[in-house]
Amino acid sequence: MIKVDGISKQFGKVKAVDAISFEVQEQENLILLGTSGCGKTTTLKMINRLIEPTAGNIYINNKNIFEQQPEVLRRSIGYVLQNNGLFPHYTVAENIAIVPQLLKWDKKKTESRTAELMEKLHLDKSYLHVYTGELSGGQQQRIGLARALISDPPVLLMDEPFGSLDNVTRSNIHKEFKALDELKRKTIIMVTHDVQEAFELGDRICLMDKGKIVQSGTPAELLFNPVNEFVKGFLKDQRLQLEFKAVKLHDLWELLPQLLKKTEGRSLSSVIDIWTALESFKFSGEESISIINHEGDQKQVSFEQLMAAFYQYKNKQGHE
Ligand SMILES: Nc1ncnc2c1ncn2[C@@H]1O[C@H](COP(=O)(O)OP(=O)(O)OP(=O)(O)O)[C@@H](O)[C@H]1O
Ligand SMILES: [Mg+2]
């Protein structure tokens, strides 16, 4: 759906982005990951033409974006700014209504869509007339997201959307983010410097350094088949946790024991990752969990069986 083709941006002598290319499929969540100053924000801003590139092309739905009016292009792209970019002296309602005003929506339509999003994002409607500068970081991030989602654009660009949150708040918002139906339908490019976040939320990751993409692939590809020492080094902290997040239950399916009896209760879908499965052991306190795959087959596994299958899988990766 989005094709970035050899895009570069030079600021004076600084090559902020250096001939990078990548593609994003429809409804995919692509992460631009990298340390401060590697060119993530610049890349994102070239996609909605807030920054014009020095070289290269970008296509959205096979249309060259440089042949479109920037204002028209931006109507189909939601944008969540780094540090949320809300106007602190506007109320929540006014901040969310910026795009509807540009689109000349009538008041009723804006109000009902705002109310719908506030509910979906768990924001109490009593906040509507509060200045955003008076809200907590987490609330501000949700409002930034509501503002970007209001016109239901097919593409969403998010620049460190959870950047200023503490770890607990961040992990709660990640869960909501994954569950939000509005986001499942969207093609998303998200910037972060947080490896754990990239592994939790990304279908694929572009790892950047000094304006270039060092490696792009699924979290598991980066982890188990790194192209060089830089990639290895980038992923070395809390590696086990990254592995739990990168490996899905269906990757282990063949390695899990056969089910003996069918269970009645709720089953976990095999698309979830090991980390989430481990959390469900922790929260449910059960001896074993039931897993169901896309063909409707069920398996019942204990914590020990899950861990054994995971280590078997991991050993296999090392030898490929
Ligand atoms: N308007 C500008 N003028 C000059 N140099 C710029 C400009 N914008 C960015 N740069 C430089 O380009 C490089 C990439 O910046 P960019 O903001 O894209 O990095 P980033 O990966 O988003 O970093 P961070 O994680 O800190 O947000 C940096 O060296 C930065 O100083
Ligand atoms: Mg940035």
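Student: How many salt bridges are counted between domain 1 and domain 2?

Tutor: A salt bridge is a side-chain nitrogen of Lys or Arg within 4 Å of a carboxyl oxygen of Asp or Glu. In this predicted model, the count between domain 1 and domain 2 is 1; E243 pairs with K314, and their closest N and O atoms are 2.9 Å apart. The model is predicted, with local features needing pLDDT of at least 70 and side-chain atom pairs counting only at pLDDT 80 or more, whereas totals for chains, interfaces and linings use all residues. Residues are numbered from 1 along each chain as its sequence is written, and side-chain values use heavy atoms, leaving out hydrogens and water.

Student: What area is buried between domain 1 and domain 2?

Tutor: The size of an interface is often given as the accessible area lost when the parts come together. Buried area is the accessible area (1.4 Å probe) that two parts lose on being put together, summed over both. Between domain 1 and domain 2 this area is about 880 Å², with carbon and sulfur atoms giving 62%.

Student: Which three residues supply 64% of the area that domain 1 buries against domain 2?

Tutor: They are F224, E243 and F244, which supply more than any other three residues; E243 is also the residue that forms the salt bridge with K314.

Key. Chains are lettered from A and ligands numbered from 1 in the order in which they are written.
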